[in-house]
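User: Could you walk me through this one? I'd like to start with the charged side chains and then look at the strands.

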Amino acid sequence: MNNLYLIVEASGTRLAIPATDVTTVMICGTIVRAPQTPSFVAGLAAMRSDVITVVDPLAAIQGGPANISEDATLVAVSIEGHFYGLAVDDVIDAIEVEEAPGRTGVAMAKGWHAVSIGVIDFDGETILVLDTAKLVGSFEPAAA
């Protein structure tokens, strides 16, 4: 089960997220802006009885401000005890692949190599596998 991935689409790009990183998939809801956070953080939202930091993956990779609507789909991941919601346009599928992600000479736009584990094949398409911890970087939420 180590090679199980959630295939998503974010800003027109298909990505794979290791299933071991995924806590849940949810609709965002009300976002409350959090002061002193990086521009790729849209704010905080409620996830059951927890607080989740809402992140725009494209803004985290390419820079710029988060652009997330309150009806956005979030893939919730847990990193070092903190919950992050990665905004995606669509959840495509959950797949299991035979081999671990591989590094290839695939050309990627600036910033993508830094947040990837490698690539996998899905329906004849090469899909980038996200390293969710690297995606949110060294950002640490302020204590509540």
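User: Which residues are linked in a network of salt bridges?

Analyst: In this predicted model, E9, R14 and E125 are joined in a network of salt bridges, and the structure holds 2 salt bridges. One is made by the side chains of E9 and R14, at 3.8 Å from N to O, while in another E125 pairs with R14, where the closest N and O atoms are 3.8 Å apart.

User: Where in the chain do E125 and R14 sit?

Analyst: This pair links distant parts of the chain, since E125 belongs to strand 10 (residues 125-130) and R14 to strand 2 (residues 13-18), 111 residues apart.

User: And is E125 buried, exposed or partly exposed?

Analyst: E125 counts as partly exposed because its relative accessibility is 34%, and R14, at 27%, also counts as partly exposed. For E9 the value is 25%, so E9 counts as partly exposed too.

User: In which sense do strand 4 and strand 5 pair, and over how many bridges?

Analyst: Strand 4 and strand 5 (residues 50-55) pair in the antiparallel sense, over 6 bridges.

User: Which residue stands opposite V51 in strand 5?

Analyst: That is A46, which stands opposite V51.

Key. Residues numbered from 1 in each chain as written. Predicted model: local features only at pLDDT ≥ 70, side-chain atom pairs only at ≥ 80, totals over all residues. Heavy atoms only, no water. Salt bridge = Lys/Arg side-chain N within 4 Å of Asp/Glu carboxyl O. Buried < 20%, exposed > 50% of the residue type's maximum accessible area, 1.4 Å probe, protein only. Helix = DSSP H or I, 4+ residues; strand = E, 2+ residues; numbered from the N terminus. Pairing = 2+ DSSP bridges.
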